[in-house]
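Hi,

Here is the structure I promised to pass on.

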Amino acid sequence: MPDKYSAVWVSHSSMGDFLKCPRSYYLHNMYKNPKTGHKISIVNPHMSLGITVHEVLEGLAEYPADTRMNRDLLKWFDEVWQKVSGKKGGFTSNEEEQEFKSRGIEMLQNVTKDPRFLTNKCIKLKRDTMPCNFYLSEDHNIILNGLVDWIEYLPETDSLHIIDFKTGKKEESESSLQLPIYLLLCNALQKRKVTKASYWYLENDKIVEKELPDADTAYRDVFEIALRVKEARRLSKREGEEKIFVCPKGKYDSVTKEGGCIHCRPYEWIINNDKQTESVGIGGFNQDMYIIKK
Ligand code: SF4
């Protein structure tokens with residue numbers, strides 16, 4: 001029986017970090033605060049908006065299709081919002097918080113007005129306390145994990161429609177690994193065929209149907225990146241993380257405050273105890289959470 005704890009776990013976000021840059025991957029996914037032994041994470045308003053809207057919409061899957069929309073989504077959202085209110089949600093002023101909360105309210109008003117496929121039957125992938133996961137390769141001890149936002153059951157074809165809820169304004173890029181990963185998760189964790197995939201941009205209530213990737217191509221693309229991640233982690237054990245996870249723009253210098261770029265700099269500030277950062281507690285996965293002060 002393979003040991004899941006010794007496996008390399010990869011996800012859409014960790015592979016995205018790796019593709020952005022190796023040091024970005026290291027700071028987001030491997031670095032641990034030497035004092036607490038915890039990974040570090042930065043909360044921000046966009047993330048809080050995404051988490052809360054997703055919690056409400058994904059929570060709807062717990063209810064039977066015919067009575068699913070018989071609840072007050074705005075009241076539910078208000079309760080969920082308490083978890084991210086103030087600094088712990090990355091908000092540095094009341095105005096900022098209200099601006100983001102209003103955006104969430106508008107999204108859920110759109111959903112209430114026209115819930116689309118949310119009133120149809122749906123399925124959920126099996127999971128325990130971890131996100132849904134499966135062995136991408138037992139031989140290489142690599143596990144792929146992720147959460148598919150919504151899976152609609154299509155009775156006419158006895159197949160599935162996967163949907164990703166978007167709370168940001170930016171459209172997902174064509175080269176994104178998100179759909180390939182969702183497809184692989186669905187194929188590995190249940191038996192029905194996935195025949196349709198869509199992004200639902202909640203703010204302007206726009207559905208964008210996407211062509212499904214071919215399963216073999218999806219596997220090849222994801223596995224190739226996962227192997228690169230695994231190899232980088234292996235080399236870093238031998239040669240040291242600083243040698244393998246190198247920033248191509250030159251390492252951030254805490255004295256001159258130069259080097260690196262916007263993606264990693266806030267993490268470098270935390271590591272260097274910069275006064276722009278402030279600890280706001282411990283996150284759900286035991287990470288040390290910080291905000292960046294403006
Ligand atoms: S700071 Fe460096 S490693 Fe991080 S994303 Fe920017 S260029 Fe890449």
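**The second largest pocket**

The second largest pocket has a volume of about 320 Å³. A pocket here is an open set of points on a 1 Å grid over the protein atoms alone, where a 1.4 Å probe fits, with protein on both sides within 12 Å along at least five of seven lines, and lining residues have an atom within 4 Å of a point. The volume is the space filled by probe spheres set on the points, which are joined across faces, edges and corners. Its lining has 16 residues, with E58, K124, R127, V148 and D149 nearest the centre. Helix α3 gives the most, three residues.

Before you go further: this is a predicted model, so local features need pLDDT of at least 70 and side-chain atom pairs pLDDT 80 or more, while totals for chains, interfaces and linings use all residues. Residues are numbered from 1 along each chain as its sequence is written, and side-chain values use heavy atoms, without hydrogens or water.

**Salt bridges**

There are 18 salt bridges (a side-chain nitrogen of Lys or Arg within 4 Å of a carboxyl oxygen of Asp or Glu). One of them joins K101 and D78, at 2.6 Å from N to O. K101 sits in helix α5 and D78 in helix α4, so the pair ties together parts 23 residues apart in sequence. R23, E242 and E268 form a salt-bridge network.

Cheers

Technical notes. Helix = DSSP H or I, 4+ residues; strand = E, 2+ residues; numbered from the N terminus.
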